[in-house]
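Work through the exercises below with the predicted model open. Each task is followed by a stepwise solution.

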Amino acid sequence: VAARTQLGPRRSSVFSTPPREVLLAETHALATKLAVELTGKGISQQSWALRSRILEVEEWLPRAPCAVVEVHPEVSFSVMLGHPALASKKTWAGMVERVSALAVAGIHLHEVAGVATTEAGIDDMLDAGAAAWSAARFSAGKAQSFPSVPPLDAIGRAIAIWA
């Protein structure tokens with residue numbers, strides 16, 4: 001909710017992670033039915049498609065060799081810019097706005113080399129730059145969390161998006 005509020009007109013880019021029970025359902029139809037029962041809302045195809053990755057990260061977290069935090073590129077860009085991005089990252093104006101913000105922050109995507117330059121989409125490169133910016137801020141103790149006072153999970157980790 002805090003991340004959506006931060007993004008204003010871009011709020012639809014943030015979606016809630018469904019309850020674990022929903023992610024464990026066998027099919028999208030069953031997951032949707034369970035999600036409606038548990039939360040009053042269904043589960044999008046996008047959330048369903050990400051479920052295997054969400055569960056993979058959940059299994060890996062207890063043995064992670066470093067701090068692991070959640071970031072959302074549009075939230076990161078909104079903090080970086082001082083306001084939500086003005087245009088979609090899939091437009092020329094949106095790409096230029098984000099590349100410029102990253103450059104001011106010291107992240108120069110034009111310097112990236114290797115397979116990423118031919119295999120990754122422009123929006124994926126922008127997202128990676130925003131995630132790197134947020135990770136550096138978190139590591140330096142400068143990141144802000146959404147919500148500002150995050151609740152904790154069962155083992156004491158903050159449940160938040162960081163930028």
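**Exercise 1.** Find which helices and strands supply at least two residues each to the lining of the largest pocket.

*Solution.* 
1. The elements that pass are H1, helix H2 (20-23), helix H4 (45-60), H5, H8 and S2.
2. Among the 44 lining residues, Thr 17, Glu 70, Val 71, Ala 160 and Ile 161 lie closest to it.
3. Sort the lining by class: 24 nonpolar, seven polar and 13 charged.

**Exercise 2.** Describe the second largest pocket by volume, lining and class.

*Solution.* 
1. Its volume is about 270 Å³.
2. The lining has 14 residues, and Ser 16, Pro 18, Thr 39, Lys 41 and Gly 42 are nearest the centre.
3. By class, six are nonpolar, six polar and two charged.

**Exercise 3.** Is H5 mostly covered or mostly open? Trace what packs on it.

*Solution.* 
1. Apply the cut-off: buried means under 20% relative accessible area.
2. Eight of the nine residues of H5 are buried, so the helix is mostly covered.
3. The cover includes H1, H6, H8, strand S1 (145-146) and strand S2 (161-162).
4. Now the largest nonpolar core: it has 18 residues, with Val 75, Leu 102 and Phe 146 making the most contacts inside it.
5. H5 gives the largest share of this core, four residues.
6. Follow Val 75. Its contacts beyond four places in sequence include Ala 3, Leu 7, Phe 146 and Ile 161.
7. Step past the helix end: just after H5, Gly 82 has a positive phi of about 90 degrees.

Terms used: Residues are numbered from 1 along each chain as its sequence is written. This is a predicted model: local features need pLDDT of at least 70, side-chain atom pairs count only at pLDDT 80 or more; totals for chains, interfaces and linings use all residues. Side-chain values use heavy atoms; hydrogens and water are left out. A nonpolar core is a set of buried Ala, Val, Leu, Ile, Met, Phe, Trp, Tyr and Cys residues joined through side-chain atoms within 4.5 Å. Buried means under 20% relative accessible area, exposed over 50%, partly exposed in between (1.4 Å probe, protein chains only). Contact means heavy atoms within 4.5 Å. On a 1 Å grid over the protein atoms alone, a cavity is a set of points where a 1.4 Å probe fits but cannot get out, and a pocket is an open set with protein on both sides within 12 Å along at least five of seven lines; lining residues have an atom within 4 Å of a point. Ala, Val, Leu, Ile, Met, Phe, Trp, Tyr, Cys and Pro count as nonpolar, Asp, Glu, Lys and Arg as charged, and the others, Gly among them, as polar. Grid points are joined across faces, edges and corners, and a volume is the space filled by probe spheres set on the points.
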